[in-house]
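Please open the model in a viewer and keep the selection tool at hand.

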Amino acid sequence: MDFASLLGIISGLALIISAIFLGGNADVFVNVPGLMIVAGGTIAAILLTVQFKDVLNAFKAAWIVFTRDNTNPQEMIDTMLELSRVSHRHGLLKLGDVESDSHVLKRACNLLSEAASEQVIRNTLQNEIDSLIARHHSVQDVFRKMAASAPAFGMLGTLIGLIQMLSQLSNPDTIGPAMAVALLTTFYGSVLATMVFLPIAGKLHARTLTEVTNLEIIREGCISILTNDHYMHVYEQLASYLPEAQRKPIKIGKEKAASASKAKSPAQERRS
């Protein structure tokens, strides 16, 4: 599981639960009807708003995001540099044999091996980027809608509790406990929105930005490979997608490093 997500969930729940226990009796925070109103109402509202398959896809995407690591953009840059070296040594046709877990990278290598034009490669990979953004936006939108619905149903549960409380004003001893139960639904709605739905939507958005960066690196790297740029030039173009502090210096081969160290400058040659 993603360490930051695990730390956030544990620390957030631990702080809330600790505050409840330190405040006194924790049993007063348990109200099954109120939880049914908030959770059931939120699920019903989202099913009325979006299609059922979109809800399933949203929860599947959330599970994948929290349990699988995303490809680091620096790793993608290293991959494109290696593909650039392969194309220089063996030609573009060799890129058709590349195996990758990324279907986009595999598709891009196939286009390069088939000698597709720069415009075809750019348009194809840009369509992949636009499609990914649209799919991820629909998934994030499910959790944003749930985050908006949960507090609303919490307030609805509070109104139901207040109505029940006001109907029993003839018995003053029940007003206090009834008021506490009425406020619990608002508490449930706020916790679900701020601790579950909004963080998931935020994590999905961050994952989208990283994946878009990776696809842009693939797109520009493929175009550089197609135009037969030197892999040093490929690196300079792709490194601009990363903050300077995260850029890893390119490693040149030992033979090239040795030849570079032995090479004489023009001034040294004139002196010799």
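A nonpolar core is a set of buried Ala, Val, Leu, Ile, Met, Phe, Trp, Tyr and Cys residues joined through side-chain atoms within 4.5 Å; buried means under 20% relative accessible area, exposed over 50%, and partly exposed in between (1.4 Å probe, protein chains only). The model is a predicted one, in which local features need pLDDT of at least 70 and side-chain atom pairs count only at pLDDT 80 or more, while totals for chains, interfaces and linings use all residues. Residues are numbered from 1 along each chain as its sequence is written, and side-chain values use heavy atoms, with hydrogens and water left out.

**First stop: the cores**

Select Met80, Leu83, Leu95, Ile121, Ile218 and Cys222, which touch the most other members of the largest nonpolar core, a set of 31 residues. Two or more residues of this core come from each of α4, α5, α6, α7 and α8 (231–239); such helices (H or I, at least four residues) are DSSP runs, numbered from the N terminus. Helix α7 gives the largest share, seven residues. In soluble globular proteins, nonpolar side chains tend to be buried together.

Next, centre the view on Leu95. Beyond its neighbours within four places in sequence, Leu95 is in contact (heavy atoms within 4.5 Å) with Leu83, Val86, Ser87, Cys109, Leu112, Ser113 and Ile225. A second, separate core has 18 residues, including Ile46, Phe66, Val139 and Ala201.

**Second stop: the largest pocket**

On a 1 Å grid over the protein atoms alone, a pocket is an open set of points where a 1.4 Å probe fits, with protein on both sides within 12 Å along at least five of seven lines; lining residues have an atom within 4 Å of a point. The largest pocket holds about 930 Å³ of space, a volume being the space filled by probe spheres set on the points, which are joined across faces, edges and corners.

Which residues lie nearest its centre? Select Asn70, Leu132, His136, Arg207 and Glu211, which have that place among the 33 lining residues. At least two lining residues are supplied by each of α3 (52–67), α4, α5 (103–113), α6 (118–166) and α7, and the largest share, eight residues, comes from α6.

Eight salt bridges are present, each being a side-chain nitrogen of Lys or Arg within 4 Å of a carboxyl oxygen of Asp or Glu. Begin with Arg207 and Glu211, whose side chains meet in a salt bridge at 3.2 Å, N to O. These two are four residues apart in helix α7 (residues 175–226), and so are separated by about one helical turn. Arg207 is buried, at 13% relative accessible area.

Move to Arg85 and Glu82, which form a salt bridge of 3.5 Å, N to O. They stand three residues apart in helix α4 (residues 73–90), again about one helical turn. Arg85 is buried at 18% relative accessibility, whereas Glu82 is partly exposed at 40%.

Then select Lys94 and Asp97, a salt bridge with its closest N and O atoms 3.9 Å apart. Lys94 is partly exposed at 40%, and Asp97 is exposed at 54%. Finally, select Glu118, Arg122, Arg219 and Glu220, which are linked in a network of salt bridges.

**Last stop: helix α6**

Select Ser138, which lies in helix α6 and is partly exposed, at 37% relative accessible area. From Ser138 to Gln164 the separation is 26 residues in sequence and 39 Å in space, C-alpha to C-alpha.
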